[in-house]
Amino acid sequence: DSNDQSVAWVQNFLDQNKISGKTMNSGANHGFAGGNNFGLPHCHGEWIFFLNNDTWLPPDTFQNLVNGIQAHPNGRVFGPQMVQLAHPELVDSAGDTLYTSGPSFQSYGESILLPQFQGDYNITSVCAGAAIYHSSVLSEIGWFDEDFWLIFEDVDLSLRAQNAGYQIMMLSKAKIHHKGSASIGKTSNMALYYGTRNIHWVRIKNYPTSTLIKYALYVGFCNLFAIKGAFIRGQGFLWFKAKCDALKMYPTMWKKRQTTRNHQSLNGHEFEKLLRKGWFVERVFHHARGGDKKKI
């Protein structure tokens with residue numbers, strides 16, 4: 001839902017440029033997850049492309065996406081490489097993942113010219129700011145979880161796809177320029193609340209039991225640093241509220257976990273390959289360098 005005339009602007013743009021498209025107004029704010037789900041029943045194509053409003057697409061993006069999909073006929077989930085809008089030589093998101101200790105990792109701020117970002121490659125999770133799902137995948141595993149509202153709903157969807165046996169591939173030739181957190185900010189109260197709350201739900205819904213147990217102490221250790229940072233920023237109370245709200249929904253998320261487990265095709269060892277290790281060591285180097293643009 002939008003009251004800034006953007007819906008009318010988009011429809012006018014489509015009409016003026018003779019582009020076939022449809023705009024809709026939900027009449028209410030359903031969050032990122034609910035907003036995307038609102039549009040899904042109106043999508044009748046084979047492929048569904050989720051795209052944020054704070055992105056810019058170079059002229060060759062769509063052709064490179066088509067070429068990439070055609071080059072991998074067995075693929076069902078893809079993502080273009082997202083670069084920073086203000087610094088297109090730097091990564092915004094070239095495949096997301098989670099540390100074994102809990103936090104997210106996006107390779108944010110790395111040079112796009114590094115060898116690991118060349119060619120097409122498998123990733124753990126695709127950022128829903130620009131993500132392509134085959135309609136059959138969404139029919140099988142479900143849509144975005146609207147309880148998340150925003151933040152980590154795309155990681156949840158990606159891990160559900162991974163658990164169902166679908167690999168996710170990054171198409172490096174297709175670039176999308178992304179401003180990032182344009183609506184909520186990177187360190188706002190909203191970002192902290194939903195990020196802190198929802199990361200628990202991602203784990204409880206998608207992690208094998210062995211993985212939950214194995215890394216429980218690491219997650220607890222990581223939370224000590226998180227609460228310290230929240231208090232330094234004056235957000236300590238909000239951090240605790242997010243944790244409490246996450247716990248209140250554990251019974252609901254545990255029921256949803258059963259659905260995910262019904263599609264489970266990965267054992268604990270295979271699932272853990274999707275996670276990134278070494279959070280503490282990387283954090284130490286991060287602070288030793290005086291901080292950088294990487295999200296840790």
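**Figure 1. Strand β9 and its paired strands.** Strands β3 and β9 run parallel and are joined by eight bridges. The model shown here and in the other views is predicted. Across the pairing of these two strands, F78 stands opposite M169 in β9. Strand β7 is also paired with β9, through three bridges, and these two strands run antiparallel. Here N122 has M169 of β9 as its bridge partner. A further strand, β2 (residues 55-56), is joined to β9 by two bridges, again with the strands antiparallel. In that pairing W56 stands opposite H177 in β9. Nine of the 11 residues of β9 are buried, so the strand is largely enclosed by the rest of the structure.

**Figure 2. Residue K173 of strand β9.** K173 is found in strand β9. Is K173 buried or exposed? K173 is exposed, because its relative accessible area is 67% and the cut-off for exposed is over 50%. In a regular strand, side chains alternate between the two faces of the sheet.

**Figure 3. The largest nonpolar core.** This core holds 26 residues, and those touching the most other members are F50, V77, V126, Y133, V137 and L138. Two or more residues each come from β1 (47-51), β3 (77-84), β7 (121-123), β8 (130-134), α4 (135-141), α5 (153-163) and β9 (168-178). Which element gives the largest share of this core? Helix α4 does, with three residues. Another core, of 16 residues, lies apart from this one and includes F148, I199, W201 and L274.

**Figure 4. The surroundings of V126.** V126 is one of the residues that touch the most other members of the largest nonpolar core. Leaving aside residues up to four places away in sequence, V126 touches V77, F78, G79, A131, Y133, D154, S158 and I168. Among these neighbours, V77 and Y133 are also listed with V126 as touching the most other core members.

**Figure 5. Residue Q162 in helix α5.** Q162 lies in helix α5. With a relative accessible area of 7%, Q162 is buried, because the cut-off for buried is under 20%. Which residues does Q162 touch, not counting those up to four places away in sequence? They are I123, T124, Q167, I168, S265, L266 and L274. The C-alpha atoms of Q162 and S6 are separated by 35 Å, and the two residues are 156 residues apart along the chain.

**Figure 6. Residue K205 in helix α6.** K205 is found in helix α6 (residues 189-206). The relative accessibility of K205 is 3%, so this lysine counts as buried. Beyond residues up to four places away in sequence, K205 touches D145, F148, D156, R160, M253, K256, R257 and T260. One of these, F148, belongs to the core of 16 residues.

**Figure 7. Packing of helices α8 and α9.** Helix α8 (residues 216-232) packs on helix α9 (residues 236-248) at an angle of about 140°, with the axes 7 Å apart. The two helices are therefore oblique to each other, because only angles over 145 degrees count as roughly antiparallel. From α8, the residues N223, A226, I227, A230 and F231 meet G236, W239, F240 and K243 of α9. By class, this contact has six nonpolar, two polar and one charged residues.

**Figure 8. The buried side of helix α2.** In helix α2 (residues 31-39), the buried residues are G31, A33, G34, N36, N37 and G39. Which elements do the buried residues of α2 pack against? They pack against β1 and α5.

**Figure 9. Two loop residues with positive phi.** S107 lies in the loop between β6 (104-105) and β7. Phi of S107 is near 60°, a positive value in a residue other than glycine. S107 counts as buried, at 12% relative accessibility. I151 lies in the loop between α4 and α5. Phi of I151 is near 75°, again positive in a residue other than glycine. At 22% relative accessibility, I151 counts as partly exposed, because buried means under 20%.

How values were computed. Residues are numbered from 1 along each chain as its sequence is written. This is a predicted model: local features need pLDDT of at least 70, side-chain atom pairs count only at pLDDT 80 or more; totals for chains, interfaces and linings use all residues. Side-chain values use heavy atoms; hydrogens and water are left out. A nonpolar core is a set of buried Ala, Val, Leu, Ile, Met, Phe, Trp, Tyr and Cys residues joined through side-chain atoms within 4.5 Å. Buried means under 20% relative accessible area, exposed over 50%, partly exposed in between (1.4 Å probe, protein chains only). Helices (H or I, at least four residues) and strands (E, at least two) are DSSP runs, numbered from the N terminus. Contact means heavy atoms within 4.5 Å. Two strands pair if DSSP finds at least two bridges between them. Axes are lines fitted to C-alpha atoms, for helices over the stretch in contact, and angles run from 0 to 180 degrees between N-to-C directions. Angles under 35 degrees count as roughly parallel, over 145 as roughly antiparallel, 65 to 115 as roughly perpendicular and the rest as oblique. Ala, Val, Leu, Ile, Met, Phe, Trp, Tyr, Cys and Pro count as nonpolar, Asp, Glu, Lys and Arg as charged, and the others, Gly among them, as polar.
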